[in-house]
Amino acid sequence: MPSDDLTPLMRQYRETKRGYPDAILFFRVGDFYEMFYEDAEVASRLLAIALTTRDKNSPDPVPLCGVPHHAATGYIAKLLKAGRTVALCDQVEDPKLAKGLVRREVVRVYTPGTLIDPELLPPTASNFLAAIAPGPRTAGTGYDGLGIAAIDVSTGEFWVTEAVGDQAEDRLVNELARLEAKELLIPQMPDENLPTCLARLKDVRLCREPRAWFALEEARGLLLGHFRVHTLDSFGCRGMTLGIQAAGAVLRYLHETQPAVSLDHVRALNVRRPDDSMYLDSVTIQNLELVRSLGAPGDAEGAREGTLLGVVDRTITTMGGRLLREWVLHPLIDCRAIRSRQAAVGELKERLEIRVQLRSALRHVQDIARLSSRISLGVATPREVWALRQSVAAFPELHRHLLLLDSPFAKELAKSWDPAIDIHETIEQALAPDAPASVRDGGIIRPGYHAGVDELRKASTEGKQWIAALEGQERERTGIDSLKVRYNQVFGYYIEVTKANLQRVPPHYTRKQTLANAERFLTPELKELEERVTGADLKLKALEQELFEELRARLARETPRLQAMGRLISTLDALAALAEVAALHRYVRPEVDDGHEIRIVEGRHAVVERLMATGEFIPNDTRLDLEDHRLVILTGPNMAGKSTYLRQVALIVLLAQMGSFVPATEARIGIVDRIFTRVGASDNLAGGQSTFMVEMTETSNILHSATWRSLILLDEIGRGTSTYDGLSIAWAVAEFIHDPKQLGARTLFATHYHEMTQLEGSHEGIKNYRVEVRERDGDVLFLRRIVRGGADKSYGIHVAQLAGLPSPIIDRAKQVLAQLERANRDSTAPVPQEPLPFADATLPAPHPILEEVRQIDLFSMTPLDALNRLADLKRRLSSEE
Ligand code: ADP
């Protein structure tokens, strides 16, 4: 920036900009937000708007671009998407009343994780700002613990959790994958390990903040101050440190970047425990296409199509939509909680009339969670408060329907219901129906609410009537029939007389303006009337604004009640949506228990069946348990339907544990604590790494993280390498998983290595199934039916034919296959028949010296002892080499 003599405006700009060096400053000038210097260059490029200069005649003109103030939000959205932060600097006094330069201040800083504007927020997904507080790192094994905190400023939801143990980093990444935070705070640190393990996350802005923000005592102090409590134990934070550190950093960030935003609507800190819900890792969430279809770009709204959420989300309100998304990503593991949701869904499914009425009453309810936050933040417009009134008006009716239901969950909701009649009345009395979108527009306050408003309105209308009557009077007095009384922004009211009648203008008219064929005049009487009208209008607007702000402040005190009602209504909406889905798509209520059996009769894939005509999807049964059906090997040619079947089972289990009904004719689900899915060598997940390496890393993660209660789905594991390598790995993995002494988890293993079917005879608990195909006249017919027994052929060539490979290639491939099969028959099968002893085959034992280092108690040693011990360890290591 040149520092030569600046205009006062530019000086003011530069002073403001100094406080926000990293943001693009939207500087309000008249009806525009203007950007200068580098901001203008960057913004004009990103927004595709013209770049010009201010004061073109200066030798060193200032680059400038601008956007109209009423369209600012759309441009801000674009800049946020491009990874920028926007600071909005407004005129904070009326330019008409300002003496000299208008005062300007930054009133909001827009970052992706702190949005509160309906236009910028995804309606049916939360918008989180999160922070991570890493614990100490142990050499080689990563972090022992990590704290995570997340806040959605638009609703006031705030929670913490901690990931501990040797899987802490994985847990962290998986938690963040479900959270889909828009902004993530991490401490600035010399060690780059944390950012590396976060590299897998997409669409999140990483912000490195001072380490002091994450310090325990500082964080605790900030939280205690915010919630005005003496201890955080009442939130369930006893014993928590890393979580508190992360939560403190979140608050600190908000204070620093949004000093003008009060956080009064953030009333509680919730603690999430890892055992509250089913554990789903990021790969499984992707693979099962729970909330986003594979290959869908970024945060596109259309990404829901073809996902489980897309099928089950029949909620009416956006709040209900957000909750259902939560339910999909956090299935329950507590039988009682699941059954309680199921009973409510079942009742709503059966009682059609109540469901229909409830759902139609829900249509009147808007996003109370976000509306009440905006009220509490003091930014809600009159129209938004009117929307709250419309929503609250539906509470008593919803309550009446709810009271007709008998399930305990519904009764619980009805008991906590708050009809909020008083809130409705408060708004009803004060606010004019269909109040305007802006507080400056007037017409906000209902007639009869405030005597002052009524009087000023009367004065203004009467004044306008007098002025209207003046036209007639003046025509009569002057005898000029074409005389007009008109209004414009520059002069206010004036009298217009055509050139032809000028000689009849009386002397007390003062000339103001001459036009081509008319002249404009003022009279003292007109001026006086006008002052009365504009004076009344100005006062009226100010008074209406003041009364509206008073109303908003009064409603802000009801935030906790409105938030609670937001939660009740979203729960009701989500339950009714699941009932609707169950009724529409012929789902049944699964029996959920703490046993270990998974038995599904005529199960269907919730999403794939929707893409087909009714009756086209072939249903299949499933049986898995911890006895003779621990591990099912599913063989069949490519395209037979193996992956669909695997995913179908996972989706049914997941739906069941969400409390939903399931696409089947009968189902019994023994609770699953974690679902893992791995798809061999799938290229869209690899992101640059060798696909085989990714596949193996993921498989190894499963072997580490699964428990006997887990459900594991392996699809073509081992495909990413040579046939014998792949087969051997698949074989060994299957043996390990099926063995109760190693893991013994319920597993579906799809493979086209038909050699794997030999495991059945020699390993108890392994069963073969295949997808049936029929061969007719050299053609292959896919029956999509899963039956007992193993496949003995791959039919790969048939599939190639189906895919349109030229026939000479197909014929040649058949010849080669025949030769290979002959050669194979002549040598004996290369497959091991005996189960392998697995005692030593678990993961490699750590080096003994590592173990010794782990045992050392540093605090009971002198520095000299420690040095000696270190020298000893080094000596022993080098003698080993
Ligand atoms: P694989 O994993 O064996 O290669 P997929 O599961 O990808 O096969 O299925 C191949 C195709 O068959 C899919 O496009 C799917 O639409 C269809 N399909 C799979 N299962 C069924 C079924 N039970 N009923 C009808 N169509 C199915």
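The charged end of Arg674 sits over the ring of Tyr279, 5.2 Å from the ring centre. This is a predicted model. A search of the whole structure finds zero disulfides, while the count of aromatic pairs comes to 11.

**Charges over rings**

- Arg674 and Tyr279 form one such arrangement, with 5.2 Å between the charged end and the ring centre.
- Arg788 and Tyr769 form another. Here the charged end of Arg788 is 5.5 Å from the centre of the Tyr769 ring.

**Aromatic pairs**

- The structure holds 11 aromatic pairs. One of them joins Phe395 and Trp417, whose ring centres are 6.4 Å apart. Their planes meet at 75°, which is over 60°, so the pair is edge-to-face.
- This pair links distant parts of the chain, 22 residues apart. Phe395 belongs to helix α15 (residues 395-402). Trp417 lies in the loop between α16 (408-416) and α17 (421-430).
- Phe395 has a relative accessible area of 0%, so it is buried. Trp417 is at 7% and also counts as buried.
- Tyr13, Phe27, Phe36 and Tyr37 are linked into a cluster by ring pairs.

**Cysteines**

- No disulfide turns up anywhere in the structure: the search finds zero.
- Cys207 is buried, because its relative accessibility of 11% is under the 20% cut-off.
- Cys237 is buried as well, at 2% relative accessibility.

**Helix α4**

- Helix α4 covers residues 168-179 and has 12 residues. At 1.5 Å a residue it should span 16 Å.
- Nine of the 12 residues of α4 are buried, so the helix is largely enclosed by the rest of the structure.
- The buried residues of α4 include Ala168, Leu172, Val173, Leu176 and Leu179. Arg171, Asn174, Glu175 and Arg178 are buried too.
- Glu180 follows α4 and has a positive phi, near 50°.

**Ligand surroundings**

- Lys642 uses its backbone: a polar backbone atom is 2.8 Å from an oxygen atom of the ligand.
- Ser643 uses its side chain, with a polar atom 2.5 Å from a ligand oxygen.
- Thr644 likewise places a polar side-chain atom 2.5 Å from an oxygen atom of the ligand.

- Glu256 is in helix α7 (residues 242-257). Its relative accessible area is 44%, so Glu256 counts as partly exposed.
- Glu256 and Val490 are 234 residues apart along the chain. Their C-alpha atoms are separated by 43 Å.
- Val204 is in the loop between α5 (193-197) and β13 (205-209). It is partly exposed, with a relative accessible area of 26%.
- Val204 and Gly83 are 121 residues apart along the chain. Their C-alpha atoms are separated by 9.4 Å.

Note on methods
Residues are numbered from 1 along each chain as its sequence is written. This is a predicted model: local features need pLDDT of at least 70, side-chain atom pairs count only at pLDDT 80 or more; totals for chains, interfaces and linings use all residues. Side-chain values use heavy atoms; hydrogens and water are left out. A disulfide is a pair of cysteine sulfur atoms within 2.5 Å. Buried means under 20% relative accessible area, exposed over 50%, partly exposed in between (1.4 Å probe, protein chains only). Rings of Phe, Tyr and Trp (its six-membered ring) pair if their centres lie within 6.5 Å; planes under 30 degrees apart count as stacked, over 60 as edge-to-face and the rest as tilted. Helices (H or I, at least four residues) and strands (E, at least two) are DSSP runs, numbered from the N terminus. A charge sits over a ring if NZ of Lys or CZ of Arg is within 6 Å of the ring centre and within 35 degrees of the ring normal. The expected span of a helix is 1.5 Å times one less than its number of residues. A polar contact is a pair of N or O atoms within 3.5 Å; within protein, one must be able to donate a hydrogen and the other to accept it, and residues adjacent in sequence count only if both atoms are side-chain atoms.
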